[in-house]
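Please have the sequence and the model open side by side, and try each task before reading on.

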Amino acid sequence: MNFLLTAGGLRNDTLRDALRDMLGKTFGSANVVYVPTASVAEPGDHGWFLTDMNRLHGLGWREFDVLELNGLPRRMVLDRLLHADVVYVGGGNHYHLARSITGNGLADGFLKALEDRVYVGFSAGSMIFSRHLTGNSADVIGDTEDLRVLGEATLEPPFGLFDWYLKPHLYSPDFPERGDTWADRIAARADFPIYFIDDETAVRVRDGEVDVLSEGRWRFHP
């Protein structure tokens, strides 16, 4: 499986070149499916969502599909994933995204589709593969309100592939509280490894090997 887990999408040449290398062909000869599910649980202005979608669309794909995980037959969702070369899962509320995958019985089929496709995550889309995506980690990270707003207090991780947790938007002007003090406080409480990445950074996973690609800044706390 091949993952490019970003905080801010494909914002720079390093990340776009990495995706092209992982894909093994040009964007113009490939199909991408954009999953916006996490965004619908976020209130307020969605200009960030349109910016991300337009940035991805602007890469010039052969086919650009948009797929919502809720409300469609399971077989239809999985067939649309299988039709794509790149599965791009967008930002928003990662707990809503995780619950949509488990609640619709998509986890096994989703993972099967990713065996020979490239997965790109943007923010929430990058956070759903940790086995530590639980109510406990929500308390450690300090985003339990994002879970409670859904009427939930517990959460089952949909995949549990990675022993580490990814937290995006380090040093982001859109999240001014996410600086070193914020990261230090979380790291001191956590009993699991955490990557903190800024919006110019991605954690790449290729055949089980993990590295970090960045034109910005990031931190790792083992």
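A residue is called buried under 20% relative accessible area, exposed over 50%, and partly exposed in between, with a 1.4 Å probe and protein chains only as cover. This is a predicted model, in which local features need pLDDT of at least 70 and side-chain atom pairs count only at pLDDT 80 or more, while totals for chains, interfaces and linings use all residues. Residues are numbered from 1 along each chain as its sequence is written, and side-chain values use heavy atoms, with hydrogens and water left out.

**Exercise 1. Describe the chain as a whole.**

Step 1: start with burial. Of the 222 residues, 53% count as buried.

Step 2: list the secondary structure. The chain has 8 helices and 10 strands; these are DSSP runs numbered from the N terminus, helices being H or I with at least four residues and strands E with at least two.

Step 3: look at the contacts, meaning heavy atoms within 4.5 Å. Among those between residues at least 6 apart in sequence, 75% join residues at least 24 apart.

Step 4: Along the principal axes, the C-alpha atoms fill a box of roughly 45 × 35 × 35 Å.

**Exercise 2. Work out which face of helix α8 is buried.**

Step 1: find the buried residues. In α8 (residues 180-189) they are Trp182, Ala183 and Ile186.

Step 2: look down the axis. The buried residues of α8 fall within an arc of 95°, so they line one face of the helix; the arc is that of the directions from the helix axis to the C-beta atoms.

Step 3: recall the geometry. An α-helix has 3.6 residues a turn, so residues three or four places apart point the same way.

Step 4: check the other side, where Thr181 and Ala188 are exposed.

Step 5: name the partners. The buried residues of α8 pack against α6 (135-141), β6 (165-167), β7 (194-197) and β10 (218-221).

**Exercise 3. Repeat the analysis for helix α1.**

Step 1: in α1 (residues 13-23), Leu15, Arg16, Ala18, Leu19, Met22 and Leu23 are buried.

Step 2: these residues cover an arc of only 160° around the axis, which puts them on the same side of α1.

Step 3: the strands that the buried residues of α1 pack against include β1 (2-6), β4 (86-89) and β5 (118-122).

**Exercise 4. Is histidine 132 buried or exposed, and what does histidine 132 contact?**

Step 1: locate histidine 132 in the loop between β5 and α6.

Step 2: with a relative accessible area of 18%, histidine 132 is buried.

Step 3: leaving aside neighbours within four places in sequence, histidine 132 is in contact with Ser137, Asp163, Trp164, Tyr165 and Phe192.
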